[in-house]
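Please keep the sequence and the model in view while working through the numbered paragraphs.

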Amino acid sequence: MSTDTAPPAGEEPARTLRSHQWYGSGAPAGLRTFSHRARTRQLGYLPEEHLGKPVIAVLNTWSDVNPCHVHLRDRAQAVKRGVWQAGGFPLEFPVSTLSETFQKPTPMLYRNMLAMETEELLRSYPVDGAVLMGGCDKTTPALLMGAASVDLPTVFVPAGPMLPGHWRGEVLGSGTDMWKYWDDRRAGLIGDCELAELESGLARSPGHCMTMGTASTLTAAAEVLGVTVPGASSIPAVDSGHDRMAAAAGLRIVELVRRDLRLSQILTREAYEDAVTTVLGLGGSTNAVIHLIAMAGRSGVRLTLDDFDRTARTVPVLADLRPGGRYLMEDFHFAGGLPGFLSRITDLLHLDRPTVSHATLREQLAGALVHDDDVIRPRDKPLADEGGVAVLRGNLCPDGAVIKHIAAEPHLLEHTGPAVVFDDYRTMQRTIDDPSLGITADHVLVLRGAGPKGGPGMPEYGMLPIPRYLLKQGVRDMVRISDARMSGTSYGACVLHVAPESHVGGPLALVRTGDLITLDVVARSLHLHVDDEELATRRAAWTPPPNPYERGYGALYQEQVTQADTGCDFAFLARPGNVPEPYAG
């Protein structure tokens, strides 16, 4: 039996492939080449199956404990089917799953770990290109951050949204309706029986949240960035079209390797600007601000809060999707999906940049249509005239803060009230319903100690609960301020990502109960009504809190994580610098 085979017609010679460093061509050239070939035979593969063919890493975030990704074991087979059909050689690698539901204290703590894992795995193994499989909130940015740092040809396969929920004739959106009905439970409007039924009806299939939460926002961003096949981000996870999309990604990655079209040629400044435009026009999650800044940094693109704020003033919200609107992702998909949505904002996009599927975004969007104007609004009937996220500045957030104002009650977007301060989330949970605190609907709830270093990991604590007795009075929104994040499926007048965080001595650490705070979204302002002299006195008396971690990955995280306004990446990963290719001989 031969030990090598010529590449099929149309393929590049093996010597142009990165994996050639491991496998060589022709007769074994050395001990390491001999060893690599022998061990590949040990895996059960014939030389004819892999020598001279593009080796494709399929990075799979599947696990039994991640309901968003529980179907990705099957989808990986479709990806590999596409790779084989195109003349490539797929190798599947399991990577961290980052289950938003189950991983504590927060999967945000581990986003950078998955990014490191992705980078080092792709760099250290004999692979020529990669298919990344993710979708649950932190997996999309983590995978793309790591892949961008390696810069191989890459395609992303989104996990897809779950089916709509149902309960007593009502269509449910996870987890937006989870927050809504939990407040109803706390207010005494529903009981344990209804809650048990909701548990069964809220999430009824594999896939990530089917609202325009963080998962759908980030996979839409991946699509407009140009790293998915067209229309991929909105296909329901259990739709047969999702299986076909995965196979198409497998076919496509082999072609990208042959053309040597690398991720750096796709993830350009123009691509990130279009991602910001898209996220804002979708009314997407505030978490996208942090993630896109971090992703852009890995691509050598400096993206800032000012870029988001400037763009927000020019982009209308056209997607009528929960939590800021009425519909769900399956409705969006059949209304035209992201291609249909983008067809309505082409004047705001850079159409002449490449994607993994087409020479230009313009070509990719040719023929895209909207089939339901209620779900994807015409430009003259927007859900909101400006993008759904506003960037705030002021003496309480000198490095910025964000608010998803389209998901807040309008009367709170210009509000002054006295602060009620909680030093940590557990204390807040334990005491928020205590009537002796005297909290009214006009108060401003303040939570500190929930940022990147203090959280630890910047958990999704930012949708602070409203006191039970106010819920019973019909109060469903209040101004809430924190250095935390909140779920993209959440809603309310929640000011988030206050930077610098309180743990490092940001002004949030100096707020006291009773201080007046003014939120003015139109003016993009967040102001603490305490004079500079008093703040200086408070700062002199402030003592830094201890770090939560003394060892392990958590200690590394606290040493290296940057603040929210710069993406919460690790400083040693975000900086530029050469990393040599491994010597495989």
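This is a predicted model: local features need pLDDT of at least 70, side-chain atom pairs count only at pLDDT 80 or more; totals for chains, interfaces and linings use all residues.

1. A residue counts as buried when its relative accessible area is under 20%, as exposed when that area is over 50%, and as partly exposed in between (1.4 Å probe, protein chains only). His497 is buried, because its relative accessible area is 4%. The phi angle of His497 lies near 60°, a positive value in a residue other than glycine. His497 belongs to the loop between strand E12 (494-496) and strand E13 (516-520).

2. Residues are numbered from 1 along each chain as its sequence is written, and side-chain values use heavy atoms, with hydrogens and water left out.

3. The chain contains 22 helices and 14 strands; helices (H or I, at least four residues) and strands (E, at least two) are DSSP runs, numbered from the N terminus. The radius of gyration (taken over C-alpha atoms) is 25 Å, close to the 25 Å that the globule rule gives for 585 residues, so the chain is as compact as a globular protein of that length. That rule is 2.2 Å times the number of residues to the power 0.38. Along the principal axes, the C-alpha atoms fill a box of roughly 85 × 55 × 45 Å.

4. Of the 585 residues in the chain, 61% are buried. A contact means heavy atoms within 4.5 Å. Among contacts between residues at least 6 apart in sequence, 76% join residues at least 24 apart.

5. How do helix H6 and helix H13 cross? The axes of H6 (residues 139-150) and H13 (residues 287-298) come within 8 Å and cross at roughly 15°. H6 is therefore roughly parallel to H13. Axes are lines fitted to C-alpha atoms, for helices over the stretch in contact, and angles run from 0 to 180 degrees between N-to-C directions; under 35 degrees counts as roughly parallel, over 145 as roughly antiparallel, 65 to 115 as roughly perpendicular and the rest as oblique.

6. Residues from both helices make this contact: Pro141, Leu144, Met145, Gly146, Ala148 and Ser149 of H6, with His291, Ala294, Met295 and Arg298 of H13. By class, the contact has 6 nonpolar, 3 polar and 1 charged residues. Here Ala, Val, Leu, Ile, Met, Phe, Trp, Tyr, Cys and Pro count as nonpolar, Asp, Glu, Lys and Arg as charged, and the others, Gly among them, as polar.

7. Leu528 is found in strand E14 (residues 525-528). Its relative accessibility is 0%, so Leu528 counts as buried. Leaving aside residues up to four places away in sequence, Leu528 touches Asn395, Leu396, Val511, Asp515, Leu516, Ile517 and Leu535.

8. Two peptide bonds deserve attention. The bond from Ser174 to Gly175 is cis, with omega near -5°, and Gly175 is placed in the loop between strand E6 (170-172) and helix H7 (176-186). The bond from Gly455 to Pro456 is also cis, with omega near -5°; Pro456 is placed in the loop between strand E10 (444-447) and helix H19 (468-472).

9. Is Arg168 buried or exposed? Arg168 is exposed, because its relative accessible area is 55%. Although Arg168 is not a glycine, its phi is positive, at about 50°. Arg168 is found in the loop between strand E5 (165-167) and E6.
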